Amino acid sequence: MMAAGELTVQGEIRRDEPMSRHTSWRVGGPAEMFFVPAGLDDLALFLHELDPQTPVFWLGVGSNLLVRDGGIPGVVIAAARILRKLEREGPYGVRAGSGLPCTQLARQCIRWGLGPSEFFAGIPGTVGGALTMNAGAHGGETWERVESVRTIDRFGEIHERAPGEYSVGYRSVVGPTNEWFIEALFRFEPGVGANKAELEAMLERRKATQPLGQPSCGSVFRNPPGDHAARLIEAAGLKGHAIGGAIVSRKHANFIINTGDATATDIEELIEHVRQTVLEVHGVELVHEVRIVGEIPR
Ligand SMILES: Cc1cc2nc3c(=O)[nH]c(=O)nc-3n(C[C@H](O)[C@H](O)[C@H](O)COP(=O)(O)OP(=O)(O)OC[C@H]3O[C@@H](n4cnc5c(N)ncnc54)[C@H](O)[C@@H]3O)c2cc1C
């Protein structure tokens, strides 16, 4: 049992937790408070008791997140470990917790023979992150498969919601504010099945074309209509361009790599340099897909 101010919860509360430990870019300043709930009831109690003025940020596994070096004020909630449900519901339904890795969802769907689900294997984040981003790959997108979601709000209340309550687009989902996903019911297609060989081929293609194994956040920018951000960045001569410890990947131009000692400021400055250069060279305004959060250091 831990008390934080007036809060009494079962989970773990850390102060000034470096967010560089929780992002795939391995950068980011401290979270003022970092809460790892012991269970869903504990999380609901925490949210219920938390001062309504305290800002809340929900973390998946940080694979699409640039946390600035000044860190995150308020509370970061790290609930991925407690929300890992994965069960069949009816002949084509799968209920998945928002903390479940997408790769695990894909592999289990293959075993169950449910598709199309292969694309989830290419997304190194959680189901909750995929719901927030409408993550997708190889022609598949998360929300094409959503039948309903369960959320928790800022006061710890649980809600059941239908896809119609969200406005969903390419890497964009707008829905009720101050509410986070805890579960989703996915519906796969009768007669489609799932193909393990296709999944393995897709992962091989990724290995060949993306700098996997180096700290990145995947694609930094969304693809503009009818084109590819990577093509525009490469054609602007930006492959290998570096600021501090951040470099535009030579393997895939839409990836920015932390070569070891990058700061979030280096990465953000490089993102801005790429955006500006592509605008000057091609007249195309790239929009970043990665989420940039937190405070600029003073
Ligand atoms: C090597 C690499 C390859 C990638 N390839 C792809 C790809 O092919 N396709 C693709 O779409 N993405 C790709 N990504 C990006 C990333 O994996 C996805 O965006 C993923 O869905 C993010 O999930 P996450 O759990 O890491 O979320 P985080 O990065 O932790 O969070 C992202 C956003 O989602 C919010 N969030 C997280 N969980 C919840 C929740 N439960 N409720 C409400 N909000 C929540 C966070 O607050 C934040 O705003 C890639 C990343 C890497 C590093």
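User: What covers the buried residues of helix H6?

Analyst: This is a predicted model. Start by asking which elements pack over the helix. For H6, the cover includes strand E6 (65-67), helix H5 (229-235), strand E17 (242-243), strand E18 (246-248), strand E19 (256-258) and strand E20 (291-293).

User: Which residues of H6 are buried?

Analyst: Buried means under 20% relative accessible area. In H6 that holds for Ala264, Asp266, Ile267, Leu270, Ile271, Val274, Arg275, Thr277 and Val278.

User: How many residues does H6 have, and what should they span?

Analyst: Compare the expected span with the distance between the helix ends. H6 runs over residues 264-282, which is 19 residues.

User: What follows H6?

Analyst: Gly283 follows H6, and its phi is positive, near 70 degrees.

User: Take one residue. Is Ile271 buried or exposed?

Analyst: Read the relative accessible area. Ile271 has a value of 4%, so it is buried. Ile271 lies in H6.

User: Which residues is Ile271 in contact with, beyond its neighbours within four places in sequence?

Analyst: Ile271 is in contact with Trp25, Leu66, Val220, Phe221, Ile256, Val290 and Ile292. Take Phe221 as a case of sequence distance against space. Ile271 and Phe221 are 50 residues apart in sequence, yet 8.8 Å apart in space, C-alpha to C-alpha.

User: Now helix H2. Which of its residues are buried?

Analyst: H2 covers residues 102-112, and its buried residues are Cys102, Leu105, Ala106, Gln108, Cys109 and Ile110. Their cover includes strand E8 (86-89), strand E9 (93-97), H3, E16 and helix H4 (196-209). Just after H2, Gly113 takes a positive phi of about 75 degrees.

User: Why does Gln108 count as buried?

Analyst: The cut-off decides. Gln108 sits at 17% relative accessibility, so it counts as buried. Its side chain makes a polar contact with the side chain of Arg111, at 2.8 Å.

User: Where is Ser98?

Analyst: Ser98 is in the loop between E9 and H2. Ser98 is buried, with a relative accessible area of 5%. Leaving aside neighbours within four places in sequence, its contacts are Leu83, Thr126, Val127, Gly128, Phe181, Ile182 and Glu183. Ser98 and Val127 are 29 residues apart in sequence and 4.7 Å apart in space, C-alpha to C-alpha.

User: How do I read backbone angles?

Analyst: Most residues other than glycine have a negative phi, and most peptide bonds are trans. Look for the exceptions. The peptide bond from Gly115 to Pro116 is cis, with omega near 0 degrees. Pro116 is in the loop between H2 and H3.

User: What phi does Arg26 have?

Analyst: Arg26 is not a glycine, but its phi is positive, about 60 degrees. Arg26 is in the loop between strand E3 (12-18) and strand E4 (30-36). At 54% relative accessibility, Arg26 counts as exposed.

User: And Arg171: buried or exposed?

Analyst: Arg171 is buried, with a relative accessible area of 12%. Arg171 also has a positive phi, about 50 degrees, although it is not a glycine. Its loop lies between strand E14 (167-169) and strand E15 (172-174).

User: How far is Arg171 from the ligand?

Analyst: Look at pairs of polar atoms. A polar side-chain atom of Arg171 lies 3.3 Å from an oxygen atom of the ligand. For Arg291, a polar side-chain atom is 3.0 Å from a ligand oxygen atom. Val61 uses a polar backbone atom, 3.1 Å from a ligand oxygen atom. As for cover, the ligand on its own has 980 Å² of accessible area, and the protein covers 93% of that.

User: Which elements give two or more residues to the shell around the ligand?

Analyst: They are strand E5 (56-59), helix H3 (127-133), strand E10 (136-137) and strand E16 (179-187). H3 gives the largest share, five residues.

User: Which residues come nearest to the ligand?

Analyst: Of the 34 residues around the ligand, the nearest are Trp58, Ser63, Thr126, Gly136 and Arg206. By type, the shell divides into 15 nonpolar, 15 polar and four charged residues.

Technical notes. Residues are numbered from 1 along each chain as its sequence is written. This is a predicted model: local features need pLDDT of at least 70, side-chain atom pairs count only at pLDDT 80 or more; totals for chains, interfaces and linings use all residues. Side-chain values use heavy atoms; hydrogens and water are left out. Helices (H or I, at least four residues) and strands (E, at least two) are DSSP runs, numbered from the N terminus. The expected span of a helix is 1.5 Å times one less than its number of residues. Buried means under 20% relative accessible area, exposed over 50%, partly exposed in between (1.4 Å probe, protein chains only). Contact means heavy atoms within 4.5 Å. A residue is near a molecule or strand if one of its heavy atoms lies within 4 Å of it. A polar contact is a pair of N or O atoms within 3.5 Å; within protein, one must be able to donate a hydrogen and the other to accept it, and residues adjacent in sequence count only if both atoms are side-chain atoms. Accessible areas come from the Shrake-Rupley method with a 1.4 Å probe; for residues, only the protein chains shown count as cover. Ala, Val, Leu, Ile, Met, Phe, Trp, Tyr, Cys and Pro count as nonpolar, Asp, Glu, Lys and Arg as charged, and the others, Gly among them, as polar.
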